[in-house]
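Work through the following exercises with the sequence and the model side by side. Each task is followed by a solution that goes step by step.

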Amino acid sequence: MNYSFLHLKSLGTRLDLINPKEPNLFRKLYPYKKVCRISFDDTFVLPRPAEPMVITDTTFRDGQQARPPYTVEQISKIFDFLHELGGRSGLIRQSEFFLYSKKDKKAVEECLAKEYRYPQVTGWIRCNKEDLKLVKQMGLKETGMLTSVSDYHIYLKLGKDRKKAMEDYLEVIEMALELGIVPRCHFEDITRADIYGFCIPFAQKLMELSKQSGMPIKIRLCDTMGYGVPYPGAALPRNVGKIIRAFTDEAEVPGKWLEWHGHNDFHKALINASTAWLYGCSAANGTLLGFGERTGNTPIEALVIEYISITGDDDAANTHVISEIAEYFQKELKYNIPPNYPFVGRDFNATSAGIHVDGLAKNEEIYNIFDTKHILGREVPIIITDKSGRAGIAYWLNHHLKLTGENKITKNHPAVGKIYKKIMEQYNKGRTTSMSHEEMMALAKRYLPELFQSEFDYLKETAHRVAAKIINKLCDGITKLDKESIQEKFNELLTNYPFIQFAYLTDQDGKLFTWVISHPEDRSKFKELVEGEDLSDREWFKVPMQTGKMHITDFYRSVYTGKLCLTVSSPIFNEEDEIIGVFGADIRFEELLKIHNELEEEEQEEE
């Protein structure tokens, strides 16, 4: 077989658009009823690494298409993580956002207000003029826009031909340039597109517009279905390296204006992104933990490690933040990361060969891919077997329960001895496999229950969080003791939140000013209440008066209704920030918990 090794240089050849009546669906490569095919054309294109290599983020765009939408608060926190991970050095260069909903816009505003140099905040829109106006309104300097390039999208989805599609795209792109907005054209479905019949002529048109306007026009090469392959001798349109070199060499697109966006349908998201870097595409696009539609996107944390592997630039990223991100996703977002997930999974660097405490210092490097404590801020986990001993069990508990300092457990702890005894009973009966994480956690909960949050404690936290948000919202609008307006707010509050059985307001001396009872059947139980009654000795009154902050009591049985309740109270301030009274609400715990999920969903929608 003859191989010709091509190192293409700019040809400067003008390619004309090919506009067939029928779509080219590359049926030999994509038979649909069979697994897609990879063809080889016996030609090789040599690598030409990009300069610079950077990472761009789509966690808040593509990443949100695979999970419940993030709240504004969560987006703000994750954006901070991106900045700390690689934004300070400019490695993580940009992050893109939707611009359509009220919540989308608020998230953009919050992230812009941080004034980070990197990641830069950019938009994502459909390629139409109305969407472009949103970018201008938000004050963004750059936006991605959907410019699909395969005949699957142009003919079958949009109902156009190539000529019409290109004309429509160019009209909006020209408008973006007139508005001073850098367009980033998303060449959707590039690996099923006619590279020389449509993509390169389109890219050449964009470069002409760029020269005329004096502004960059970027191109994102979207491997929408994950069909791209990194194999040097593979043919277009699936060969990642040849796609990149066609754009840089024949369309004369600067590598720094190119971006690769890949999906993981065929387990090639990371290797394809790395290949794009090596063949001259500056930006590799991804999401944290690989979140994305269908099988996901290229994981940003993997791109960070890959970048360091290729360049040797250890200082470009704060890799400890990778572990912080994983912890946040698990604890705050309740995402269950697979235990063996690279870099962030619970057991990714553990081996069932059995690393024991007494041997960690001797053989850690044999089984550990690198110094995970130094690079990721996480110890090597151990596998518990009959050879682990009490020291191994104590190490396991301290590692997995994150016990530090005085809270660390020693091998002499009575609970460690009980766990060791239970484990050895199993091995004495003939067990040959290591103890699973779930088995060890069950033993820990059994013999060290004080270290675990009970279901009741979790429910209490939930009740506190939901109740606090509701009361904060109500108190925000009260600045004077006006009975009529307060009663109106009380009625609205009880209509929306019937789990509040009793709401009331005192003046600054603790004298009952006004109140309302939610359930008609309970009114007779509160008949002894009178206006002006002195309630200044109550905990819910005294604490807000002393601290100026909201207070939530522990649980108690209501003397009026017998229901399990907690009281939320908050000081009321006048326009001079002086306390003029205290608002309180008795909340029925059981009824609140029944609908707390619904309340949290409402809050997300409002954001």
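**Exercise 1.** How many bridges join β11 to strand β12 (residues 512-517), and in which sense do the two strands run?

*Solution.* The model is a predicted one, in which local features need pLDDT of at least 70 and side-chain atom pairs count only at pLDDT 80 or more, while totals for chains, interfaces and linings use all residues. Residues are numbered from 1 along each chain as its sequence is written, and side-chain values use heavy atoms, with hydrogens and water left out.

Strands are DSSP runs of E of at least two residues, helices are runs of H or I of at least four, and both are numbered from the N terminus; two strands pair if DSSP finds at least two bridges between them. For β11 and β12 there are 5 bridges, and the strands run antiparallel. Within this pairing Leu505 stands opposite Thr514 of β12. The hairpin of β11 and β12 has 4 residues between the strands, and in it Gly510 takes a positive phi near 90 degrees.

**Exercise 2.** Describe the other antiparallel neighbour of β11, β16, and the surroundings of β11.

*Solution.* Begin with the pairing: β11 and β16 run antiparallel and are joined by 7 bridges, with Asp586 of β16 as the bridge partner of Phe502. Then consider burial, where buried means under 20% relative accessible area, exposed over 50% and partly exposed in between, with a 1.4 Å probe and protein chains only. Because 7 of the 8 residues of β11 are buried, this strand is largely enclosed by the rest of the structure.

**Exercise 3.** Which residues of helix α18 (residues 539-547) are buried, and what covers them?

*Solution.* The buried residues of α18 are Trp540, Phe541 and Pro544. Seen down the helix axis they fall within an arc of 100 degrees, so they line one face of α18; the arc is that of the directions from the helix axis to the C-beta atoms. Their cover includes β11 (500-507), β13 (551-552), β15 (564-573) and β16 (579-588). Just after α18, Gly548 takes a positive phi of about 75 degrees.

**Exercise 4.** Trace the closed barrel and examine strand β8 (residues 218-223) within it.

*Solution.* The barrel has 8 strands in the order β3-β4-β5-β6-β7-β8-β9-β10, with parallel pairing, and the twist averages 25 degrees from one strand to the next. One of its pairings is that of strand β4 (residues 92-97) with strand β5 (residues 120-126), which is parallel over 4 bridges and sets Phe97 opposite Gly123 of β5. Another joins strand β7 (residues 182-188) to β8 in the parallel sense over 5 bridges, and here Cys222 of β8 is the bridge partner of Glu188.

Turning to β8, 6 of its 6 residues are buried. Lys218, Arg220 and Cys222 point one way, Ile219, Leu221 and Asp223 the other way, and all are buried.

**Exercise 5.** How do the axes of helix α13 (residues 389-400) and helix α15 (residues 437-447) cross, and which residues make the contact?

*Solution.* The axes, which are lines fitted to C-alpha atoms over the stretch in contact, with angles from 0 to 180 degrees between N-to-C directions, come within 11 Å and cross at roughly 90 degrees. That makes α13 roughly perpendicular to α15, on a scale where angles under 35 degrees count as roughly parallel, over 145 as roughly antiparallel, 65 to 115 as roughly perpendicular and the rest as oblique. The contact (heavy atoms within 4.5 Å) is made by Trp396, Leu397 and His400 of α13 and by His437, Met440, Met441 and Ala444 of α15.
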